[in-house]
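Let's take a walk through this protein together.

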Amino acid sequence: MKQFATYAPLNTLAERLKPIHLNQLFADNPQRFAQFHCQMPGAMLDFSKQKITAEVLDGLVAMAEEAQLKTWIDRLLSGDELNHTEGRKAWHTALRDLSHPLPEVQEQWQKMAFIVDEMHQRQLRGFSGKPITDVINIGVGGSDLGPLMITHALEMQKHPDSPDIHFVSTLDGRQLQSLLAKLNQETTLFIVASKSFTTIDTLSLAETAKSWMKQKCASPQSRMRHFIGISASPDKMKEWGILPQMQLAFWDWVGGRFSLWSSIGLTIALQLGMEGFKQMLAGAHAADVHFKNTPLHENIPALMGLIGIWNTNFLNLAGQAILPYDSRLKHFAGYLEQLEMESNGKHTRRNGDFVDYRTCPILWGEVGPNAQHAFYQLLHQGTERVMSDFILFKEGQGQDERALYHQNLNIANCLAQSRAMMVGQQSDDAHKHYPGDQVSSTLLMTRVDAYHLGMLVAFYEHKVFTQSVIWEINPFDQWGVELGKKIALSILESIDRHDAAHLDQSTQGILQQIWEHNR
Ligand code: F6P
């Protein structure tokens with residue numbers, strides 16, 4: 001990052017600000033909230049509890065300008081080939097522009113709408129003629145986390161005719177086995193979701209599902225009517241046996257972790273109806289338009305990204321906590337773990353050089369009220385300095401007395417925690433001393449619905465993109481996951497041959513213990 005002329009002055013500012021407590025920044029500036037929050041319809045970002053000043057903000061925006069962030073945003077949104085290491089566009093934003101849809105995207109919406117309608121009208125029937133009641137999405141990473149996160153969050157907004165939707169991702173097979181033990185072959189449909197259609201996790205589970213179906217249905221043709229395939233590789237889907245009318249497509253220009261907006265979101269559409277799915281797209285598109293058109297000083301996702309850069313590269317914070325104050329966002333942190341760390345957890349610049357600065361911090365999180373009773377101890381008194389994102393929704397779950405009470409309790413707790421992290425508490429008893437000065441932002445969204453969740457996810461996608469531009473890395477590839485996959489295949493061969501002699505001592509030792517136990 002030293003390549004930027006704006007780096008050195010920001011670094012000087014950081015050294016000056018490091019010893020100044022957040023309390024002091026608030027005391028010095030009665031306009032702090034007014035100055036350091038920004039909004040768009042549906043969302044407000046309060047970053048006044050970050051260790052920044054107007055000068056820092058100007059410096060960060062200048063750095064973004066020096067890195068030509070605006071040009072990069074235009075390139076992203078117009079479908080330029082930004083994923084240069086794989087020779088592809090990264091054009092997920094084209095999936096959510098409802099007023100200018102690409103013909104191929106429109107075609108997939110039609111196919112999805114047809115499946116959703118059939119399912120909701122109980123017209124999609126299994127081999128014995130009974131309507132499908134349960135859908136199991138088999139997929140992993142981007143083919144699982146987005147739909148899982150959204151369908152869980154919007155469970156209460158389920159369409160009355162939605163089937164029951166389940167997610168299976170782990171190759172140990174346990175999730176699938178426990179579901180199959182409860183479900184009936186006649187009324188169960190599988191969605192095999194895999195961009196590549198080569199992922200062993202997904203294909204191994206799909207094969208297990210196939211043999212389960214075979215127990216009750218001898219005809220391959222009838223059996224395969226229980227499998228929908230979603231992939232960017234139609235040939236591989238076909239090869240696996242997915243019937244042509246059961247295939248949904250997306251394209252290599254949609255990255256796996258950016259694919260919930262594509263036909264990978266079929267479970268979302270099944271649960272909410274096509275209208276609900278499109279609401280999610282509309283919310284994300286509103287964030288795209290904001291990202292494109294809003295000056296950087298007021299641009300929510302760009303500021304999220306720049307503040308992250310400030311904390312990581314100038315204030316040297318190594319952790320990012322994600323703290324949604326709504327239990328419906330139970331899977332949100334898991335979703336972001338992939339989005340942020342698979343995108344920006346990299347050490348190579350676009351030009352192939354290794355970076356000599358830090359990139360993506362370790363990100364983790366949990367629903368706030370639960371996290372308070374788990375890892376907040378570290379946030380308040382630990383030795384690691386961490387940045388936190390609090391996510392709060394204005395609207396509660398109802399107007400009755402208890403619902404309002406819970407809503408207020410939730411708001412009070414969210415605000416109490418960010419305030420406690422900021423102000424701390426002096427005490428002569430070291431055990432009761434809280435240093436405070438822990439930075440956080442609060443994203444205040446209107447309500448948990450498809451539109452606002454779409455917007456929230458798109459904010460984080462664009463935060464990631466903003467950071468990738470400053471760090472000069474390609475956020476759209478994931479070479480780092482390949483080595484482990486390759487080694488797993490060779491260890492699997494060793495296990496099959498019962499021969500570990502060529503492996504390292506640790507691997508041999510563990511395998512020997514397993515083999516002895518199971519002899
Ligand atoms: O191994 C990582 C990864 O490629 C992710 O990027 C992706 O979301 C996941 O595996 C699943 O891939 P696919 O959808 O091709 O099965």
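This is a predicted model: local features need pLDDT of at least 70, side-chain atom pairs count only at pLDDT 80 or more; totals for chains, interfaces and linings use all residues.

Domain 2 covers residues 92-278, and domain 3 takes in 480-517. Domain 1 is put together from two stretches of the chain, 7-66 and 294-477.

Now find the ligand. Its space is the largest pocket, and 13 residues surround the ligand there. Among them, the closest are Gly142, Ser143, Ser194, Ser196 and Thr199. What sort of residues make up the shell around the ligand, nonpolar, polar or charged? Eight are polar, three are charged and two are nonpolar.

Zoom in a bit and you can pick out some individual contacts. Serine 143 puts a polar side-chain atom 2.6 Å from an oxygen atom of the ligand. Threonine 199 does likewise, with a polar side-chain atom 2.5 Å from a ligand oxygen. Then there's lysine 485, where the distance from a polar side-chain atom to an oxygen atom of the ligand is 2.8 Å. How much of the ligand does the protein cover? On its own the ligand has 390 Å² of accessible area, and the protein covers 87% of that.

Last stop: the empty spaces. Rolling a probe the size of a water molecule over the atoms shows where such space is left. In this structure there are four cavities of 30 Å³ or more. The largest cavity holds about 80 Å³ of space. To find that cavity, look for the residues lining it, including Leu45, Gln50, Met304, Ile307 and Gly308.

Methods. Residues are numbered from 1 along each chain as its sequence is written. Side-chain values use heavy atoms; hydrogens and water are left out. A residue is near a molecule or strand if one of its heavy atoms lies within 4 Å of it. A polar contact is a pair of N or O atoms within 3.5 Å; within protein, one must be able to donate a hydrogen and the other to accept it, and residues adjacent in sequence count only if both atoms are side-chain atoms. Accessible areas come from the Shrake-Rupley method with a 1.4 Å probe; for residues, only the protein chains shown count as cover. On a 1 Å grid over the protein atoms alone, a cavity is a set of points where a 1.4 Å probe fits but cannot get out, and a pocket is an open set with protein on both sides within 12 Å along at least five of seven lines; lining residues have an atom within 4 Å of a point. A molecule sits in a cavity or pocket if more than half of its atoms lie within 2 Å of its grid points. Ala, Val, Leu, Ile, Met, Phe, Trp, Tyr, Cys and Pro count as nonpolar, Asp, Glu, Lys and Arg as charged, and the others, Gly among them, as polar. Domain bounds come from an automatic or database domain assignment. Grid points are joined across faces, edges and corners, and a volume is the space filled by probe spheres set on the points.
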